[in-house]
Amino acid sequence: MIEGESRTQAKRRRKGLESLGMRLGTLSDAQLTKLDLPERLHDAIVEARRMKKQARRRQDRFIAGLLADLDDDDLAAVFDFADNLDGQTAEETAHFHGLEAWRERLLGSDGDAAIEELLAAAPQADRSQLRELVRRSRKETAEGKPPATSRKLFRYLRELLEPAGG
């Protein structure tokens, strides 16, 4: 407990650190490496991924203790990194849903109007390729085949509408 901190404040701080530890456990190895955590903390997070429910809760408390041992600047950097990832994830999800909406509009009953709108939004698009992908995807769906062309259409949309910066 930090000097001048009430028990309630200490519990909140511990819970916040446990929550941060659980969020760190969901990061990929590449993201975790970017954080440049102390080796003991890094290993504890990697170990937690392999644990079952009860052991995982104990490990999360252990990770919270290791996080508490970090100096304030390092801890703030970890919180900032996790918050930034949450923002990126929300942005990526919104972009993905936008691409799905485009695909659904293209494959819908008014696909020709959607193609024209897409060409206005992405002038670099190839009209004939778009029409062919839409036509083949509709045919696959009608025949009950796997949606391979629909996936190709999605990938093409992703290339066309990739946000700036990758």
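**Close-up views of charged side chains**

Aspartate 36 is exposed, its relative accessible area being 67%. The model shown in these views is a predicted one.

**View 1. Aspartate 36 in the loop between helix H2 and helix H3.** The loop that holds aspartate 36 runs between helix H2, residues 29-34, and helix H3, residues 39-49. The backbone of aspartate 36 has a phi near 55°, which is a positive value in a residue other than glycine. Most residues other than glycine have a negative phi.

**View 2. A negative surface patch that includes aspartate 36 and aspartate 72.** The patch is formed by Asp36 together with Asp71, Asp72, Asp73 and Asp74. One of these residues, aspartate 72, is found in helix H5, and with a relative accessible area of 65% aspartate 72 is exposed.

**View 3. A positive surface patch to which helix H1 and helix H4 each give two or more residues.** The residues that form this patch are Arg7, Lys11, Arg14, Lys15, Lys53, Arg57, Arg58 and Arg61. Two or more of them come from helix H1, which covers residues 7-25, and two or more from helix H4, which covers residues 53-69. Arginine 14 is found in helix H1, where arginine 14 has a relative accessible area of 44% and is partly exposed.

**View 4. Arginine 103, a buried residue that has no salt bridge.** Arginine 103 lies in helix H5, which spans residues 72-107. For arginine 103 the nearest side chain of opposite charge is that of glutamate 104, which is 4.3 Å away, whereas a salt bridge requires a side-chain nitrogen of Lys or Arg within 4 Å of a carboxyl oxygen of Asp or Glu. A polar atom of the arginine 103 side chain does, however, lie 3.4 Å from the backbone oxygen of serine 150.

**View 5. The salt bridge between arginine 50 and glutamate 47.** Side chains of opposite charge can pair when their charged atoms come close. In this view the side chains of glutamate 47 and arginine 50 meet with an N to O distance of 3.6 Å. Arginine 50 counts as exposed at 60% relative accessibility, while glutamate 47, at 33%, counts as partly exposed. The count of salt bridges in the model comes to nine.

**View 6. The salt bridge between arginine 131 and aspartate 112.** The closest N and O atoms of arginine 131 and aspartate 112 are 3.3 Å apart. Because arginine 131 lies in helix H7 (residues 127-143) and aspartate 112 in helix H6 (residues 111-121), the pair ties together parts that are 19 residues apart in sequence. Both partners are partly exposed, arginine 131 with a relative accessible area of 36% and aspartate 112 with one of 49%.

**View 7. The salt bridge between glutamate 132 and arginine 135.** Here the closest N and O atoms of the two side chains are 2.8 Å apart. Glutamate 132 and arginine 135 are three residues apart in helix H7 and are therefore separated by about one helical turn. Glutamate 132 counts as partly exposed at 33% relative accessibility, and arginine 135 is likewise partly exposed, with a relative accessible area of 44%.

**View 8. A network of salt bridges that includes aspartate 112 and arginine 131.** Through salt bridges that share partners, Asp112, Glu116, Arg127 and Arg131 are joined into one network.

Terms used
Residues numbered from 1 in each chain as written. Predicted model: local features only at pLDDT ≥ 70, side-chain atom pairs only at ≥ 80, totals over all residues. Heavy atoms only, no water. Patch = residues over 30% accessible without salt bridge, like charges linked within 9 Å, V, L, I, M, F, W, Y side chains within 5 Å. Areas by Shrake-Rupley, 256 points an atom, 1.4 Å probe, with all protein chains shown as cover. Lys, Arg positive; Asp, Glu negative; His and termini not counted. Charge placed at Lys NZ, Arg CZ, Asp CG, Glu CD. Helix = DSSP H or I, 4+ residues; strand = E, 2+ residues; numbered from the N terminus. Buried < 20%, exposed > 50% of the residue type's maximum accessible area, 1.4 Å probe, protein only. Polar contact = N/O pair within 3.5 Å; in protein donor to acceptor, adjacent residues only side chain to side chain.
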